[in-house]
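Please keep the sequence and the model in view while reading.

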Amino acid sequence: MALLEITDLSVHYGRVRAVHEVSLTVAEGEIVTLIGANGAGKTTTMRALSGLQPVSSGRIHFDGEDITHLRADLRVIRGISQAPEGRGIFPGMSVRDNLDMGAYARRDRHLTRAADLERVFTLFPRLKERSRQAGGTLSGGEQQMLTIGRALMARPRLLLLDEPSMGLAPMLIGQIFEILQEINEQGTTILLVEQNAHRALSVADRAYILETGSIVATGTGSALLDDPSVRAAYLGVA
């Protein structure tokens with residue numbers, strides 16, 4: 001059984017259809033990536049998965065449970081956590097307080113807080129160095145680390161990552177993707193939306209390609225990376 005199963009998912013903004021009958025699965029332990037051009041419906045799909053955008057039709061199942069209309073906070077409790085596009089940190093709060101907010105929905109947060117913080121600080125030593133610093137004063141790369149760290153504080157089984165490399169220097173992009181692989185190796189399943197198709201396909205077990213709100217191709221990350229049509233359309237290689 002898939003950890004996440006989306007069946008014929010459609011999402012509208014008013015009369016505008018943003019996602020049309022999208023179906024995909026994510027097995028436990030996988031890294032699955034969703035790639036496509038701007039406006040293809042990637043972020044809308046992620047918002048629907050996290051409960052931030054109502055679904056027009058279709059079903060979302062997580063660990064065998066229908067969560068199509070479940071509130072966003074209850075999805076976090078069940079094990080889905082998102083690091084959103086644009087980071088969305090609390091700029092006036094300290095790094096430590098931002099991280100604590102990630103665990104807010106968990107009833108056992110007081111029992112596991114020290115271990116959860118240690119995990120995040122081991123993955124992102126820079127955050128430990130700046131734990132008392134206001135989130136808004138961090139660099140772009142540090143804010144992205146904070147966004148991912150905050151999502152991990154919820155102890156997710158499924159981590160949703162929306163454009164984690166956006167606006168980062170190439171060296172930092174490489175570092176972020178190495179850490180994502182480490183998070184996955186520690187047992188967290190990942191669904192990744194990413195403009196940097198080459199990086200995303202390089203780490204993904206499987207991938208889906210979205211165009212104008214619909215899935216147009218799927219396969220292993222390595223197979224799509226070698227596909228001439230994918231290389232021409234998304235990797236800038238003729």
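Helices (H or I, at least four residues) and strands (E, at least two) are DSSP runs, numbered from the N terminus. The model is predicted. The points below use those element numbers.

**Largest pocket**

- The largest pocket holds about 590 Å³ of space.
- Of the 22 residues lining the largest pocket, Leu 52, Val 76, Ser 81, Gln 82 and Arg 150 are the closest to its centre.
- At least two lining residues come from each of helix 1 (42-50), helix 2 (72-78), strand 6 (80-83), helix 3 (95-102) and helix 6 (140-152).
- Helix 2 makes the largest contribution to the lining of this pocket, at four residues.
- By residue class, the lining of the largest pocket has eleven nonpolar, five polar and six charged residues.

- Six strands form an open sheet in the order 6-7-8-3-9-10, and the pairing is mixed.
- Strand 6 and strand 10 (214-220) are the edge strands; each has a single partner strand, so one side of each has no neighbour in the sheet.
- From one strand to the next, the twist averages 15 degrees.
- Strand 3 (residues 31-35) pairs with strand 9 (residues 206-211) in the parallel sense, over four bridges.
- Val 32 has Arg 206 in strand 9 as its bridge partner.

**Helices on the sheet**

- Helix 6 lies across strand 6 and strand 7 (158-162), and runs at about 170 degrees to strand 6.
- Helix 7 (residues 170-185) packs on the sheet and touches strand 3, strand 7 and strand 8 (189-193).
- The direction of helix 7 makes about 150 degrees with that of strand 8.

Note on methods
Residues are numbered from 1 along each chain as its sequence is written. This is a predicted model: local features need pLDDT of at least 70, side-chain atom pairs count only at pLDDT 80 or more; totals for chains, interfaces and linings use all residues. Side-chain values use heavy atoms; hydrogens and water are left out. On a 1 Å grid over the protein atoms alone, a cavity is a set of points where a 1.4 Å probe fits but cannot get out, and a pocket is an open set with protein on both sides within 12 Å along at least five of seven lines; lining residues have an atom within 4 Å of a point. Grid points are joined across faces, edges and corners, and a volume is the space filled by probe spheres set on the points. Ala, Val, Leu, Ile, Met, Phe, Trp, Tyr, Cys and Pro count as nonpolar, Asp, Glu, Lys and Arg as charged, and the others, Gly among them, as polar. Two strands pair if DSSP finds at least two bridges between them. Axes are lines fitted to C-alpha atoms, for helices over the stretch in contact, and angles run from 0 to 180 degrees between N-to-C directions. Contact means heavy atoms within 4.5 Å.
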